Amino acid sequence: MTDDVKPGSIGRGEPLKGARLTVTSKEFTEQLILGAIMGIAFQAAGADVLDRTGIQGSIGSREAVKNGDADAQFEYTGTGWITYLGNSRPIPDPQKQWEAVRAADLKNGLTWLPPSRLDNTYALAMNQANFRKYRTTTLSEVAALSKKDPGAVTLCVEGEFANRADGLPGMEKAYGMSVPAGNVTQMDTGIIYTQVAKGACTYGEVFTTDGRIKSMNLVVMEDDKQFFPNYNATPVVNTAVLKKWPAIASVIDPVTRKLDNTVAQTLNAKVDVDGEDPHQVALDWMKAEGFVK
């Protein structure tokens with residue numbers, strides 16, 4: 001990374017001067033932005049930063065931090081707990097979920113720093129016309145509608161969600177919902193938003209921090225039984241690297257604390273709706289917040 005940034009409210013005294021840090025991320029929009037945010041923070045604190053953001057799939061970026069090919073990334077607590085650590089039941093309390101992941105992953109040589117309020121979890125959403133027609137606001141109400149009028153509940157979902165224990169099968173079980181296979185259409189994530197917006201399906205699987213929810217004026221159903229795991233974005237650092245450069249924690253912490261779903265939706269929309277570059281979006285935000293100059 002070659003951003004000409006200087007310390008603002010973070011990085012004063014350049015506590016990472018002399019450090020050569022590699023930052024990684026997964027390949028989707030939010031991850032590219034978060035990876036850039038992390039790298040920019042480290043640069044402001046004096047580090048030379050290598051950009052390895054955009055690794056395909058979840059496992060690749062995690063393994064890079066674990067084996068030392070990369071030093072840090074933003075990861076999600078629910079993904080850590082369910083996907084990597086092999087647990088089947090999420091912990092409903094977000095703080096306890098983070099504590100459990102942090103404790104379990106220390107043996108893997110990974111340290112989870114304090115989490116953000118940014119919770120990029122699954123949800124179902126509908127367009128305004130269908131909302132006026134059916135008036136559902138919670139997943140319990142969707143379940144009731146599926147019993148009363150089975151044809152009303154049609155779903156657009158991605159393949160992974162259709163088969164994951166923390167996706168559609170688990171959601172149906174938790175809410176006593178049975179959607180006929182003929183009412184479920186599998187498609188790529190991006191297409192789901194446009195299909196739901198035009199009403200091709202009543203409900204679509206969305207991610208709660210996606211900027212398209214706001215731009216398309218979709219109505220998100222509340223997960224009133226707290227079935228879906230908490231996916232709080234959290235800096236994860238290779239423990240050996242953190243021991244060598246402990247200032248990593250104090251540099252990134254104020255930035256993490258500023259991240260929430262509103263910030264994420266706004267930044268994600270700049271990329272997915274307005275077509276801006278993820279790195280530039282991250283840099284503009286870091287400067288606007290006064291983190292860097």
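How many of the five residues of strand β5 (residues 122-126) are buried? Five of the five are buried, and the strand is mostly covered. This is a predicted model.

**Strand β5**

The cover extends to both faces of β5. Y122, L124 and M126 lie buried on one side. A123 and A125 lie buried on the other. In a regular strand, side chains alternate between the two faces of the sheet.

Strand β5 pairs with β8 and with β9, as the table sets out.

| Partner of β5 | Residues | Bridges | Direction | Paired residues |
|---|---|---|---|---|
| β9 | 219-220 | two | antiparallel | M126 with V219 |

The bridge partner of M126 in β9 is V219.

**Helices α1 and α13**

A second contact joins two helices. Helix α1 covers residues 29-44, and helix α13 covers residues 261-272. Their axes come within 9 Å and cross at roughly 110 degrees. Angles of 65 to 115 degrees count as roughly perpendicular, so α1 and α13 are roughly perpendicular to each other.

Which residues of α1 and α13 meet? From α1 come T29, E30, I33 and I37. From α13 come A264, L267, N268, V271 and D272. By class, this contact has five nonpolar, two polar and two charged residues.

How values were computed:
Residues numbered from 1 in each chain as written. Predicted model: local features only at pLDDT ≥ 70, side-chain atom pairs only at ≥ 80, totals over all residues. Heavy atoms only, no water. Buried < 20%, exposed > 50% of the residue type's maximum accessible area, 1.4 Å probe, protein only. Helix = DSSP H or I, 4+ residues; strand = E, 2+ residues; numbered from the N terminus. Pairing = 2+ DSSP bridges. Axes fitted to C-alpha atoms, helices over the stretch in contact; angles between N-to-C directions. Parallel < 35°, antiparallel > 145°, perpendicular 65-115°, else oblique. Contact = heavy atoms within 4.5 Å. Nonpolar A, V, L, I, M, F, W, Y, C, P; charged D, E, K, R; others polar.
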